[in-house]
Amino acid sequence: MRGRVEKARYPVFTRRALMLGGMKAALFAGLGARMYYLQVIEGDQYKMLADENRINLALLAPPRGRILDRRGVPVATNRQNFRVLIVPEQTKSVEETLDRLNQIVPVSDQTRARVLRDVSRKRRFVPISVVDNLTWEEFARINVRSPDLPGIQLDVGQTRDYPLGVYLGHTVGYVGPVSEKDLKQGDGDPLLELPGFRTGRRGLERSFEGTLRGAAGNQRVEVNAFGRVIRELSRTEGRPGSDIQLTIDARLQRIATQALRPESGAAVVMDVHNGDVLAMASTPGFDPNAFNVGIGNSEWQRLLRNSRKPLTDKTIAGRYPPGSTFKMAVALAAMDANVAGAAHRVFCNGKHVLGNHTFHCWKRWGHGWMDLNDALTQSCDIYFYDIARRVGVEKIAVMAERLGLGQTLLPELPGESAGLVPNPAWKEGAIGEAWQGGETLIMGIGQGYLLATPLQLATMAARLANGERAVSPRLVFRDEQDVEAPPLGLSKDALRHVRQGMNDVVNGKRGTARAHRITREGWEMAGKTGTSQVRRISRAERESGVLKNEDIEWRSRDHALFVAFAPVDKPRYALSVVVEHGGSGSAAAAPVARAIMEATLELDPAANRRQRVAVSPEREG
Amino acid sequence: MGYRDDGPDLRFGRKLLSLNWGLVLLITITASVGFAMLYSAAGGDVQPWAIRQIIRFGGGAFLMLVIALIDIRFWMRWAYLIYAVALVLLLAVEFVGTTGMGATRWVSLGFFNLQPSEVMKIALVLALARYFHGLSLEDTGRITYLLPPLALIGMPTLLVLKQPDLGTALLLAAGGSIVLFLAGVRLWKFALALGAALAAMPIAWSQLHEYQKGRIMTFLNPESDPLGAGYHIMQSKIALGSGGISGKGFLEGTQSHLNFLPEMRTDFIFTMLAEEFGMVGGLALMGLYILILIYAYAIGFRSRHQFGRLVAVGIATTFFLYIFINIGMVTGILPVVGVPLPLISYGGTAMLTLLIGFGLILSVSIHRDVEIPRSRG
């Protein structure tokens, strides 16, 4: 029985076992072929993928160059940014960890929503930023409690700091995240793609981006699958950004800003010899540090909508009719053209009639007989109508440009306006109308189309004070040799008369700014007031008496201006002050100017020369 | 009941001498390759994995030898009971099982977490071998005689599928079917069953869990989701492929050591071996496996009883299926189903199952000449 069954079964088993064995051999051969394919044919490709897996090329952001004031005091620098990150995979629950964190430092609902959104978008091991810019104390507190805060990671980064804050916000500007546009038209710098990298968005931070940024270094690191760095394979140090040094004196900048407050306006202080801008204040301002932390939309809208334009740098972008501060230019144009000398006399009865138009002096019943000195000192309008008509618009315009108006002067600052020096050709082109004789008269008292920035007015004052050279403002020290400014080319005599007039405006018996003269010996200031009209005065109003500034709304009030230089006998500093809608130049701008000029002289480094700090490695030989 | 000890008298000493030491040696060498890989996985340390694996292997090997020395007729006699116990344990998983990784596969025996599906792999082969041992070829051809073995295969397969453990269920079904094949069941019947299985696929698909569907889908197109479910396969291929012909050297596998390779000590240990020792190392390990299979086949062919033949080749085939599915999985030609690499992967239950299986093969070898009657009495 057994034998028969076995005889039948054994061959079947053997046959089938061998079949099975053959199949297994074939499958093993398949596995072998697969290994050959992966490890030999595609081996190189996988080796490359393995290295890509393993090696991370990390960019090292170079420290951004600092911005220093003329004495080496930093006005833009880098500080440590204490921040908190969260790693979702290390938490029990992200929400719970955030709740606990909230007990130590406030975590706003907005932040919370953003974090939770990021958590859902990114891989679980990617750290997500929760809060930035913590104080050392907060940071330490979180550190102590970190065992209770699963998933919380503390990190020290670098962030920009502006020690002067609102005092120099316009000039220095701020940095911000790289925009899509920058990336598209980018300079190919890989740093731009670095998450969290910031570039200059405004002011010097923007225009000196190339100098301040430096070059990226890189680091090849071996990472594990979780992105954790295991070891560094190689490292190339980048080039740190270079510092830049400004001509600004941080102390004076602060004083100038404070002197303008609470009004909205601008003040520029310049060295009349080399054009150094010691201060350029614009009020109201903004604090660039706020942009670092990340300015909220409502805050941004508030800044944008504010009618006093805190975001505008009024020193370079504010355009004002210079008013009577322009009278020196008209007088110089007349003398330069030999049309009317210092002795030229005009009778002021309060009116000047041209065709069927009547032009008024600010003094309703007139000044009587005036020569140049009287006219400057008392700011008689009739006198300047007369000489403006005699010399003509073209020559006034040329003189205005020689004195620095109608052109940009600080190309390194973004957003500078060229102002406007009109002439018939300009009007023809821009408005399409012919120049009218009356417009020349109005230009003679610095009104009409004529517009100047406070920087231009300060430059004009500096050139008048310097007398020899057409100095231009300088904001940033550069390595190249100081290039001497081109000659101004005005007659000494004419300049002497104009300067004497400015001296008498402040120090003369009948000067419009006498109340605000500097009495300290050797510090005397010369200047010129300006009150520029913003609105048109109607005939009816003229008859019933011109409204006082206090009686009309702020935005219709006159701008108050003042340009000055000091000391009178040996000019060193020039300045301009504009108080927007401040009323009269003598009442609103002159006291500000005096305060700033006194401070400037106080800080005058006749004793303390400018101490340059090395902004680049010392050059030998 | 019972068997008569009418075969050659095999005393303990003679049994020990007639033990197939060649096979034991091959198994030990293969397991040692595993120890080396676990040593490497720990970054060049016997702690924490290699040492435990060595201890497990020591215990398992002892058990293997004990099983080998026990008379094969004892195993045949208890085959159905062992199967029944395994089935009860599988049922117990349903009610008192421990859940891990989304699937309930273990029952706790207090001191040991047992995975009954592993026990079943051996028990099923034993039960089927006993059934067909008692069946003549003519009876094997009859449909009615096919119903009990189908039930023997079907019940545990369905239970394991329900855990859910797709990989083990397929292994059980395949392993059981192979015994049917070896016993001489007609090929057209397999074709029929295969056809029925294919027809049932849409229904089965709807019964699958999301993660199982996902695994099959990512198997079909792993690059579609490199950070998600396809990650394992991609990383495994990268590690393996970057090993090249001769590998990166022992302890030098970058992908494995930097954690790019998931589950490198368990299911993906072959990848690590192929990364460090290259194609040469991978093929050498396959050579060891083939040698073990040849030994098992030889034992099967030399057995004078159908039970021993079916047990030896049946268990060898289960062993083969482990190897093929695991290597196929890590090289990206099969879906990731969670089958360990036999004798190498870290883990106690699989090691124990395999060593018990080899114990039975060795027992067949020692008792190849015993007479076992076809039916009781």
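**Entry 1. Two crossing helices in chain A**

I looked up the handedness of one helix crossing and found that helix 14 of chain A and helix 17 of chain A cross in the right-handed sense. I note at the outset that this is a predicted model. Helix 14 covers residues 327-336 and helix 17 covers residues 393-402 of chain A. I read that their axes come within 9 Å, with a crossing angle of roughly 115°.

I then listed the residues that make this contact. Helix 14 of chain A contributes Ala329(A), Val330(A), Leu332(A), Ala333(A) and Asp336(A). Helix 17 of chain A contributes Lys395(A), Ile396(A), Met399(A) and Ala400(A). Sorted by class, the contact of helix 14 with helix 17 of chain A holds 7 nonpolar residues, 2 charged residues and no polar ones.

**Entry 2. Chain A overall**

I next recorded the secondary structure of chain A, which comes to 23 helices and 19 strands. The chain has 621 residues, of which 42% are buried. Of the contacts in chain A with a separation of 6 or more, 74% are between residues 24 or more positions apart.

**Entry 3. A sheet in chain A**

I traced an open sheet of 5 strands in chain A and wrote down the order as 12-11-19-18-17, with antiparallel pairing. Which strands lie at the edges? I found strand 12 (277-283) and strand 17 (526-532) of chain A there, each pairing on one side only. From one strand to the next the twist averages 5°.

A helix also belongs to this picture. Helix 20 of chain A, residues 454-466, packs on the sheet and touches strand 11, strand 12, strand 18 (559-566) and strand 19 of chain A. The direction of helix 20 makes about 150° with that of strand 19 of chain A.

I looked at one pairing within the sheet in more detail. Strand 11 (residues 265-271) and strand 19 (residues 573-579) of chain A are joined in the antiparallel sense over 7 bridges. I noted one residue pair: Asp271(A) has Tyr573(A), in strand 19 of chain A, as its bridge partner.

**Entry 4. Chain B overall**

I turned to chain B and recorded 15 helices and 3 strands. Chain B has 377 residues, and 51% of them are buried. Among its contacts between residues at least 6 apart in sequence, 71% join residues at least 24 apart.

**Entry 5. A helix pair in chain B**

I examined helix 7 (residues 143-162) and helix 8 (residues 166-183) of chain B, whose axes come within 8 Å and cross at roughly 170°. Helix 7 of chain B is therefore roughly antiparallel to helix 8 of chain B.

From helix 7 of chain B, the contact uses Pro149(B), Leu152(B), Ile153(B), Pro156(B), Thr157(B), Val160(B) and Leu161(B). The contact of helix 7 with helix 8 of chain B has 11 nonpolar and 4 polar residues, and no charged ones.

**Entry 6. Where the chains meet**

Last, I looked up the contact between the chains, which takes 36 residues from chain A and 43 residues from chain B. On the side of chain A that touches chain B, helix 1 (2-41) and helix 2 (43-54) of chain A each supply at least two residues. Which element gives the largest share of that side? I found helix 1 of chain A, with 22 residues. By class, the residues on this side of chain A divide into 19 nonpolar, 7 polar and 10 charged.

Conventions. Residues are numbered from 1 along each chain as its sequence is written. Chains are lettered from A and ligands numbered from 1 in the order in which they are written. This is a predicted model: local features need pLDDT of at least 70, side-chain atom pairs count only at pLDDT 80 or more; totals for chains, interfaces and linings use all residues. Helices (H or I, at least four residues) and strands (E, at least two) are DSSP runs, numbered from the N terminus. A residue is buried if 20 or more other C-beta atoms lie within 10 Å of its own, exposed if 12 or fewer, and partly exposed in between; C-beta atoms are placed from the backbone. Two residues are in contact if their C-beta atoms, placed from the backbone, lie within 7 Å. Two strands pair if DSSP finds at least two bridges between them. Axes are lines fitted to C-alpha atoms, for helices over the stretch in contact, and angles run from 0 to 180 degrees between N-to-C directions. Angles under 35 degrees count as roughly parallel, over 145 as roughly antiparallel, 65 to 115 as roughly perpendicular and the rest as oblique. Ala, Val, Leu, Ile, Met, Phe, Trp, Tyr, Cys and Pro count as nonpolar, Asp, Glu, Lys and Arg as charged, and the others, Gly among them, as polar. A crossing is left-handed if the near helix is turned anticlockwise from the far one by less than a right angle, and right-handed if clockwise.
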